Structures are given as structure tokens and as C-alpha cells.
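My notes follow the order in which I looked.

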Amino acid sequence: NKTGWMPRELLSRFAVKYLEPYEPGDFMRVVRHLLSKREGLDTATAARVAASLVGKTQDVRHAIRVGRLTRRVGVERAIKLLS
């Protein structure tokens with residue numbers, strides 16, 4: 001999230017953390033875990049979604065949207081529709 005618009009007085013009320021982007025392996029591990037544990041996808045499908053998104057996005061929220069749509073239309077079509 002961007003904080004440049006926030007007045008310094010308001011920003012001082014928060015702990016601002018700057019995070020490095022995920023490494024590909026870390027991204028895959030996080031996505032697999034979230035899709036299988038929280039979204040109820042089987043582990044093989046969660047792994048396919050994660051592997052398909054490496055290099056296309058670093059946004060875990062995007063991966064969750066793809067995972068949710070995957071149940072209805074499959075991995076490849078979900079990625080195509082949401083790209």
C-alpha cells in the first residue's frame with residue numbers, strides 16, 4: 001500500500017514495514033498453503049495454480065482469486081480470465 005498521501009502526523013500512528021518481494025519458492029509455498037488450507041483446494045490443484053502464477057504476479061490476493069475461480073473453470077482458464 002502507498003503511504004505518500006498520508007500526513008506525517010497520521011502516518012506516525014502506524015508501524016510502517018517495507019517488505020521484499022517473494023522469492024519464487026516462497027511465493028509457491030505461501031500460495032499452496034493458502035489455497036489448500038483456507039480455500040479448500042486439493043494440494044495438486046493448489047500447486048498447479050502456484051506454479052502457473054510464478055513470474056506473472058507476486059500478489060497472493062491475485063492467487064486466491066484464481067484459486068477460487070479454478071473450482072468452476074479450471075486453472076488455465078481462471079488465469080486467462082483474471083489476467
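Entry 1. Which residue caps the N-terminal end of α4? I found Asp-59 there, with a side-chain oxygen 2.8 Å from the backbone nitrogen of Arg-61. A polar contact here is a pair of N or O atoms within 3.5 Å; within protein, one must be able to donate a hydrogen and the other to accept it, and residues adjacent in sequence count only if both atoms are side-chain atoms.

Conventions. This is a predicted model, where local features need pLDDT of at least 70 and side-chain atom pairs count only at pLDDT 80 or more, while totals for chains, interfaces and linings use all residues. Residues are numbered from 1 along each chain as its sequence is written, and side-chain values use heavy atoms, with hydrogens and water left out.

Entry 2. I took the extent of α4 next: residues 60–73, 14 residues in number. Helices are DSSP runs (H or I, at least four residues), numbered from the N terminus. From first C-alpha to last, α4 reaches 20 Å, close to the 20 Å expected at 1.5 Å a residue; the expected span is 1.5 Å times one less than the number of residues. Just after α4, I noted that Gly-74 takes a positive phi of about 90 degrees.

Entry 3. I listed the buried residues of α4: Val-60, His-62, Ala-63, Ile-64, Val-66, Gly-67, Leu-69 and Thr-70. Buried means under 20% relative accessible area (1.4 Å probe, protein chains only). Their cover includes α2 (24–38), α3 (43–53) and α5 (75–82).

Entry 4. I went back to the loop between α3 and α4, where Thr-57 lies. Thr-57 counts as buried because its relative accessibility is 17%. A polar atom of the Thr-57 side chain lies 3.0 Å from the backbone nitrogen of Asp-59. Not counting residues up to four places away in sequence, Thr-57 touches Phe-27 and His-62; contact means heavy atoms within 4.5 Å.

Entry 5. I then checked Thr-45, which is found in α3. With 15% relative accessibility, Thr-45 counts as buried too. Leaving aside neighbours within four places in sequence, Thr-45 is in contact with Thr-70 and Val-75.

Entry 6. Last, I looked at α2 against α3. The two pack at an angle of about 140 degrees, with axes 8 Å apart. Axes are lines fitted to C-alpha atoms over the stretch in contact, and angles run from 0 to 180 degrees between N-to-C directions. Residues that meet include Phe-27 and Val-31 in α2 and Ala-46 and Val-49 in α3.

Definitions and conventions: Buried means under 20% relative accessible area, exposed over 50%, partly exposed in between (1.4 Å probe, protein chains only).
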